[in-house]
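Please set out how the parts of this protein model meet. A short report is wanted, with one table.

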Amino acid sequence: MQESTDILEVGVWRGDVTGGQLVSYQVPRQSSQTILDVVTWIQRELDPGLSYRFSCRVGMCGSCAMMVNGIPRWTCRTHVQKVVQDNRLTIEPMRNMPVIKDLVSNMDEFFAKWKLAEGQFHGRKTRYDPIEPLLPDSPRRLAASAAIECINCGICYASCDVVSWNPAYLGPAALNRAWSLVNDERDIGQQSRLNAIAADAGCHNCHSHANCATYCPNELNPTASIAGLKRLAARAAFAGKI
Amino acid sequence: MSGFRLYLLQRITAMIMAPLVILHLGVMIFAIQGGLDSAEILSRTQGSFFWGTSYGLFVLAVSIHAAIGIRVVLFEWASFRGVLLNIISWLVFVVLITMGARAVYAVVA
Ligand code: SF4
Ligand code: SF4
Ligand code: FES
């Protein structure tokens with residue numbers, strides 16, 4: 001591969017809850033290098049005190065998200081070549097989440113909102129009941145499938161301006177999860193889910209500006225899922241159910 | 001009123017406004033063809049139940065729609081919350097409906 005220069009200028013945010021700043025590092029450029037490779041190289045070769053989070057390195061676990069040149073990305077699957085600007089990279093912890101240390105953000109609230117949005121499955125059967133048949137091409141199953149491949153990376157949440165303006169807003173990931181369960185025919189918790197998604201922090205706060213859908217690394221479309229929730233909640237309101 | 005109901009009300013008022021705007025523009029373009037002055041317009045609108053109701057409804061829809069919209073902007077961009085947010089939203093509504101009602105009164109009564 002043809003490289004423009006051999007050394008990358010990398011600004012990495014260092015600090016903790018009390019504050020921090022960008023620290024510059026020079027990192028040798030390599031072919032097929034990912035952002036996660038860059039961060040790992042800095043920790044191994046320059047500063048073992050650098051904190052960051054990753055696990056699978058193949059885009060499965062959702063733990064490696066960071067802001068790269070201002071945009072939230074899954075760093076294990078983001079090639080330097082794709083995002084580098086003038087041989088420079090800026091790597092920061094996720095937007096819309098408090099930082100713990102360096103590139104590690106605190107995702108407690110992000111996951112708490114999954115629960116608030118009734119993102120848990122409410123089943124009606126026990127292990128002794130026969131398995132319920134679900135037609136793979138039924139409309140609800142297809143709608144659920146479109147929303148189901150979420151890896152909980154928080155990238156959509158970091159990209160959402162409404163979350164930054166209204167920190168209570170449940171956000172795209174939790175609402176997308178709620179939408180996949182709305183379409184789960186086996187779920188018996190639909191009324192409580194309806195109440196949750198139409199509560200003050202709920203789906204109607206979304207401005208449909210689709211940052212979430214633009215940056216979701218798994219190409220999910222939370223904007224469309226939330227539009228589905230809005231229609232559902234509107235119908236429920238007219239029917240007097242919420 | 002809950003946030004979701006305000007959201008719904010804003011959508012409903014938008015649906016009321018859209019055809020009324022089209023009606024307003026359509027009639028204006030149609031009526032202006034042969035040249036028209038204000039006296040002629042007033043002669044048609046004054047005492048008209050139809051125009052009074054149409055513009056009255058439009059003014060009501062606009063006032064509700066805009067007050068809710070500005071409420072969201074103030075909430076998100078200016079961090080207004082609670083009672084203050086409600087007071088300002090009601091004020092916006094009252095100002096708009098007063099101005100609009102005066103205008104409707106002026107052309108219909
Ligand atoms: S579409 Fe809605 S959820 Fe997605 S980024 Fe925009 S406001 Fe947030
Ligand atoms: S919807 Fe996409 S961006 Fe959001 S948490 Fe799931 S995988 Fe990540
Ligand atoms: S390390 Fe698992 S998704 Fe990146």
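The report below covers the chain, its domains and its interfaces.

This is a predicted model, in which local features need pLDDT of at least 70, side-chain atom pairs count only at pLDDT 80 or more, and totals for chains, interfaces and linings use all residues. Residues are numbered from 1 along each chain as its sequence is written, chains are lettered from A and ligands numbered from 1 in the order in which they are written, and side-chain values use heavy atoms, with hydrogens and water left out.

**Chain A overall**

Chain A has 10 helices and seven strands. Helices (H or I, at least four residues) and strands (E, at least two) are DSSP runs, numbered from the N terminus. The C-alpha atoms fill a box of roughly 60 × 35 × 30 Å along the principal axes. Of the 242 residues of chain A, 47% are buried, meaning under 20% relative accessible area with a 1.4 Å probe, protein chains only.

**Between the domains**

Chain A splits into domain 1 (3-105) and domain 2 (108-238). These bounds come from an automatic or database domain assignment. The C-alpha centres of the two domains lie 30 Å apart. Domain 1 puts 14 residues into the contact and domain 2 puts in 16; contact means heavy atoms within 4.5 Å. On the domain 1 side, A:Trp74, A:Arg95 and A:Asn96 lose the most area, together 44% of what that side buries.

A:Arg95 also pairs with A:Asp161 in a salt bridge (2.8 Å, N to O). The term covers a side-chain nitrogen of Lys or Arg within 4 Å of a carboxyl oxygen of Asp or Glu. Strands E3 (65-68) and E4 (71-74) of chain A each give two or more residues to the domain 1 side. E4(A) gives the most, with four residues.

**Between the chains**

Here 16 residues of chain A are in contact with 12 residues of chain B. Zero salt bridges are counted between chain A and chain B. Helix H6 (161-165) and helix H10 (222-238) of chain A each supply at least two residues to the chain A side. H10(A) has the largest share, five residues.

**Buried area**

Buried area is the accessible area (1.4 Å probe) that two parts lose on being put together, summed over both.

| Interface | Buried area | Carbon and sulfur share |
|---|---|---|
| Domain 1 and domain 2 of chain A | about 1200 Å² | 63% |
| Chain A and chain B | about 1100 Å² | 62% |

How values were computed
Buried means under 20% relative accessible area, exposed over 50%, partly exposed in between (1.4 Å probe, protein chains only).
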